[in-house]
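Here are my notes for your modelling work. Please read them alongside the coordinates.

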Amino acid sequence: MTTRIMGTGSCLPQTVVTNDDLAKIMDTSDEWIRTRTGIRERRLAKEETTSFMCCEAALRALEDAGMSGEEIELIIVGTLTGDYVTPSTACEVQAKIGAKRAVAFDVNAACSGFLFALHIAHAYLQAGIYQNALILGAETLSKIMDWSDRSTCVLFGDGAGAAVLKRDERGVLSFDMGCDGAKGHVLSCKGRPNNNPLVSHPTEPEFVHMDGQEVYKFAVGRVPKSIQSVLAQSGMDAGDISWFVLHQANIRILQSVAKRLGVSEEKFPISLDHCGNISAASVPILLDEMNQKGMLKRGDKIVLSGFGGGLSWGSVLLEW
Ligand code: UT7
């Protein structure tokens with residue numbers, strides 16, 4: 001027995017912000033953003049919260065799987081931008097979708113969050129502890145961006161994606177997960193400083209800082225190795241794979257990974273052009289878009305891969 005994806009769903013905020021819109025409020029241009037990253041526009045949240053987008057995505061994934069919230073036994077949300085420090089986003093989802101039986105918690109693995117949620121859920125399902133799970137990747141990254149730092153804020157967007165999992169005879173074939181915490185400083189966002197009566201700090205809000213070139217080097221070096229690992233574990237080569245569904249950080253990273261694997265770029269679907277980088281939400285949103293378009297056929301071999309803050313990475317090879 002293994003773990004199968006039974007349904008997918010996603011939710012993006014209503015408001016579209018184009019590169020030209022950003023060029024009106026900061027020193028950037030559509031030309032720079034498009035040629036360096038492939039991003040044309042992104043969605044930014046106004047009223048939408050991380051938990052709201054999660055619930056919408058979850059309900060769509062449940063409908064796609066033909067299941068109800070009451071049946072779900074486990075909920076894991078990959079996020080670093082929940083509405084609250086506590087309760088977790090997963091507990092908010094549990095309440096709103098009526099998943100009364102479910103155990104619910106969040107994981108923070110930044111852009112690899114959906115892959116970490118899938119890995120954890122797979123372990124629970126394989127151990128026979130739960131029969132099904134709802135996993136999500138969701139972010140409201142716009143609230144932790146420094147909107148005066150053009151080198152990071154133009155890259156990111158907001159949104160949520162979800163998948164319903166069940167124990168099944170086909171599905172997940174192999175995983176490759178890893179972290180390199182020693183290099184974590186190249187992509188960071190500080191939490192609240194200690195402000196108890198013994199120490200007093202000014203409580204300035206903290207924003208995302210990224211050394212883009214270091215993260216780029218990490219991604220183009222690590223991701224092909226991680227994908228090669230899941231292929232080798234399953235006795236396959238890149239030519240056996242129908243789709244490589246990668247975290248959507250930069251089109252140049254996707255092109256570089258395709259080249260290193262010796263695979264056509266056409267096997268690397270893209271959502272970053274209209275979504276930007278949505279950290280943990282990138283992979284499940286793209287997967288849902290492909291599912292809705294009918295691009296995923298039963299029996300297809302698919303690789304999902306996430307990478308980023310931590311530094312962390314995770315890849316899975318699965319049969320659809
Ligand atoms: O989700 C987590 C994973 N994240 C990633 O994988 C991100 C990986 N990194 C990247 O995708 C790229 O490094 C970036 C897209 C972030 C940056 O691209 P780059 O080709 O590495 O550009 P750069 O940082 O070297 O900047 C080149 C120039 C600089 O100007 P000078 O010093 O050459 O005069 C920047 O100041 O571009 C300038 N620049 C901009 N210009 C217009 C930086 N941001 C902007 C901007 N608009 N938004």
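In which loop does Pro-87 lie? Point 1 takes this up.

1. This is a predicted model. Pro-87 lies in the loop between β4 (74–78) and α4 (89–96).

2. Leu-311 belongs to the loop between β12 (301–308) and β13 (312–319). Most peptide bonds are trans, and most residues other than glycine have a negative phi. Please check both places by eye.

3. Ala-110 is not a glycine, yet its phi is positive, about 50°. Ala-110 sits in the loop between β5 and α5. Cys-111 is found in that loop as well, with β5 spanning 103–107 and α5 spanning 113–126.

4. Now the annotated site. An unreviewed UniProt entry places the feature "active site" at Cys-111, His-247 and Asn-277. These residues are spread over 167 residues of sequence but cluster in space, with a largest C-alpha distance of 8.9 Å. Of these residues, Cys-111 is included in the lining of the largest pocket.

5. Next, the ligand. Its space is the second largest pocket. The ligand is surrounded by 22 residues, and the closest are Thr-28, Arg-36, Gln-213, Asn-250 and Asn-277.

6. What divides the shell by residue class? The shell around the ligand holds 10 nonpolar, 8 polar and 4 charged residues. Helices α2 (30–37), α6 (150–153), α7 (212–233) and α8 (251–261) each supply at least two shell residues. The largest share comes from α7, with 4 residues.

7. Asn-277 places a polar side-chain atom 2.6 Å from a ligand oxygen atom. For His-247, a polar side-chain atom is 2.9 Å from an oxygen atom of the ligand. On its own the ligand has 970 Å² of accessible area, and the protein covers 73% of that. Both His-247 and Asn-277 are also listed in the UniProt "active site" feature.

8. Last, the domain record. The unreviewed UniProt entry gives "domain: Beta-ketoacyl-[acyl-carrier-protein] synthase III N-terminal" for residues 105–181. Over residues 105–181 the chain is 23% helix and 40% strand. The end C-alpha atoms of that stretch are 22 Å apart.

Note on methods
Residues are numbered from 1 along each chain as its sequence is written. This is a predicted model: local features need pLDDT of at least 70, side-chain atom pairs count only at pLDDT 80 or more; totals for chains, interfaces and linings use all residues. Side-chain values use heavy atoms; hydrogens and water are left out. UniProt positions are given in the numbering used here, feature names are shortened, and annotations may be inferred rather than shown by experiment. A residue is near a molecule or strand if one of its heavy atoms lies within 4 Å of it. A polar contact is a pair of N or O atoms within 3.5 Å; within protein, one must be able to donate a hydrogen and the other to accept it, and residues adjacent in sequence count only if both atoms are side-chain atoms. Accessible areas come from the Shrake-Rupley method with a 1.4 Å probe; for residues, only the protein chains shown count as cover. On a 1 Å grid over the protein atoms alone, a cavity is a set of points where a 1.4 Å probe fits but cannot get out, and a pocket is an open set with protein on both sides within 12 Å along at least five of seven lines; lining residues have an atom within 4 Å of a point. A molecule sits in a cavity or pocket if more than half of its atoms lie within 2 Å of its grid points. Ala, Val, Leu, Ile, Met, Phe, Trp, Tyr, Cys and Pro count as nonpolar, Asp, Glu, Lys and Arg as charged, and the others, Gly among them, as polar.
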